[in-house]
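Open the model in your viewer and keep the selection panel at hand. The stops below go from one chain to the other.

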Amino acid sequence: MELIKPGTNIPFTKYRHIAVILSTIVNLAVLAFLIFRGPVLGVDFAGGTVVQLRFTQKATISQIREALGKLGEGDVVIQDFGQEGSNEFLVRLEKTAVQLGALTEQLRTNLSQKFGPNGFEIRRIESVGPKVGSELRQKGTWSVIAATIMMGVYIWVRFQLRFGVGAVIALIHDVLVTTGALMLAGYEFDLTIIAALLTVVGYSVNDTVIVCDRVREHLRKNRRETLENLINLSINETLSRTIITTGTALLVLFALFILGGGVIRPFAFALLVGFFSGVYSTIFIASPVILLWEKGKKPSK
Amino acid sequence: MQRGVLVRLVIFLIATATAVVYLVPTFVHDLPPWWTQYMPSDRIHLGLDLQGGSHLVLEVKVDQAIENTVERIKDDIVKLSREKKIPVTEAVRQGNQIRLKVPAASADAIRDLQKGEFSNLAILSSQVSGGTADFVLTLSDKELRALRDAVVDQSLETIRNRIDQFGVSEPIIQRQGQQNILVQLPGIQDPERAKEIIGKTALLEFKLVDDSRSVEEALKIGPPPGDQILYGQDRTPYLLVAQALMTGEYIADAHVRPSSRLEGPYVELVLNNTGARLFERITAENVKRRLAIVLDNKVYSAPVIQERIGGGRASITGRFEMKDARDLAIILRAGALPAPVEVAEERTVGPSLGSDSIRQGVISFAVGSSLVILFMLIYYKGAGLLADIALMFHILFLLAILAAFKAVLTLPGIAGIVLIAGMAVDANVLINERIREELRAGKSARAAIEAGYERALPAIIDTNVTTFLSGVILFQFGTGPIKGFAVTLCVGILTTVVTAVYMTRIYYDWRIGSRKLARISI
């Protein structure tokens, strides 16, 4: 079986101008959103408490809010969680468990009054102090930046500087697109999202590596052809591999997204978007950057 | 069979057998005794998010302990100066600094004192003006660092003692960073009580009640110098002499005693020899006065000393529930924390959520990897089957390595295994695509295979190195569950390269060697 017929030659590099303009707009939009609104931060980063509750019978958000009593006052977010009909909810409190004091006991007493002592289950409590939160946020951001630069340096060492620069810009694009998609979908940013972003960085650079590897091979054999044609040829030759590899990764990610449960879902979503973006950015971001670099170096041509 | 192929096949079989042996303890629960004695018995551990339990990060308030130490040093300086007849006119502590004022003539004596008995202090500034010398002293950087370390280490030791006595199986208690302590308590049902036991400073002090003034007056105009007002459990105010006569450091043992009267149980303290002597002297000197027993700045009781108390026994009464009395005894036995601790991070997962997560993880793994296996089989036929077999061995090796290194499997870790299953076939895809290309270029099957492997290898190495690098960064940054993901990612990459490249090659080399290979299914 073959998905991409041999000899396929899609002139990808021809579309690069449109692609670059489009991607720049998207990236700037995400950046603006990041700077002016910022993502919704989970307790890992913002501090506070999140409680996962499961009820034996159908419960509504307003019932829970009412039952929480004093705990439910102030900035409290209650939302559905988990599969449909599982009667699971996430309650997000602004304060930490320490500030609230004996949180489990308070929850138990308050909820028992409305739902009965066996009508609910406290499945998970996560509470992070504001100081730890901001520390984790900083470390998380830096780790993504460090990873991106490291990928660029690796490609620089293994191939050439221009490929490294192309890869870094493509990765920045992937991270921004993933971040934007997460914000659009309304997912909270927490440690697992950082893990996902780091994985996206480590994985989507692969396609760039594969194309660079091909380009280098052609450059050795074929010195007459223009770089643009060589890049295009390389993208086409590796297209089949790119689609299949990303495809198999996307298959397992779909499985995780649908079946993996509420904690894993945002993680799987981020990887789905990031891996997809990784393919696009190799073709439409990394390659133009490499070409641009080449033209900048030889203005006479 | 060729020699080279045979050797590689034997190595591969040995590796497989070893992997299986390492996995047995993870999947078989009742191991025969001969196995546990001679064979590896480490298994894959489940993280708290899968097993249920509490993960706490405690921040040790080191600064407060340092201030206490500086305060004590200040008192020592004043005492020693008095013995040496150095007329100190003023001695105050400001944060971590001690401010001393002496007549200019005694300035050298203070310098000598600093060089001699108080060499752990550094003179921050000294000014002589108008006949007085003004010193600012502080702990030296080296001393400060050592003190910080000691406070955190001692806190860790105390917390470990308390948890051991509380009775939790396989707890993890580690230092984390500069002043944090990580505590993991698998499977505990009541994290609130655990936090109570861990977090209590348990500073026990014996202080005299100041009967020379009435409490009401002190409440109105503030306590006289050297005194303080503390409250009892029922909010009764007490006017106490702030300087403690004795602290809990002399406690040798503490246990709960059921009360003979209606008062409920009480906690009896047994003091060590030094403590017993000290306690005897204190009680002898203060007969008919009231001695308050203060725990974490709360007055538990303030009985009148009837007579000199020898034998080193004291008791703390209060209206205790049996459970509270028992917890208090645990805390007092384990000793006081040198500094207060605060829960900076808490993650508690109930057991039912953990087993749900495992189930969801296993289902997504089964579905995800089946889809990949099916796809490879359809797309590459024979070569796809080979890649699928390699994938299964990859999973076997991955799990075996996790078990051998006692790695902790977390929910993101399971997600990592699922993800790796999707990424593992990348190497085979690269090789197979390359072989197809070479075949199309008109090469023989044998030449195509050889060229395919050879040309695909650099790309395979590069792609895996980049993913591995991001895994390493993630491991550096991550905490708990995320580390689990980083570990499976990194180990998984190593095993995929081994199985997808080297293992499949054994098969092809065998085929090439055994007969003339005219056609391959790819």
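The tour begins with conventions, then visits chain A and chain B.

This is a predicted model, in which local features need pLDDT of at least 70, side-chain atom pairs count only at pLDDT 80 or more, and totals for chains, interfaces and linings use all residues. Residues are numbered from 1 along each chain as its sequence is written, while chains are lettered from A and ligands numbered from 1 in the order in which they are written.

**Stop 1: chain A, coloured by confidence**

The average for chain A is 88, and 98% of its residues score at least 70. Now select residues 97–100 of chain A: this is helix α4, where confidence is lowest, with a mean of 74. Helix α7 of chain A, residues 161–185, has the highest, at 94.

**Stop 2: chain A as a cartoon**

Chain A has 10 helices and four strands. Helices (H or I, at least four residues) and strands (E, at least two) are DSSP runs, numbered from the N terminus. Followed from the N terminus, the order in chain A is α-α-β-α-β-β-α-α-β-α-α-α-α-α.

**Stop 3: the outline of chain A**

**Stop 4: the domains of chain B**

Switch to chain B and colour three selections: domain 1 (3–52 + 350–514), domain 2 (62–144) and domain 3 (200–347). These bounds come from an automatic or database domain assignment. The centres of domain 2 and domain 3 of chain B, taken over C-alpha atoms, are 31 Å apart.

**Stop 5: a sheet in chain B**

Which strands make up the open sheet of chain B, and in what order? There are four, ordered β3-β4-β6-β5, with antiparallel pairing. Strands β3 (90–94) and β5 (121–129) of chain B are the edges, each pairing on one side only. Two strands pair if DSSP finds at least two bridges between them.

Select residues 97–103 and 132–139 of chain B: these are strands β4 and β6, which run antiparallel and are joined by seven bridges. Here B:V102 stands opposite B:A133 of β6(B).

Terms used
pLDDT is the predictor's confidence in each residue, from 0 to 100.
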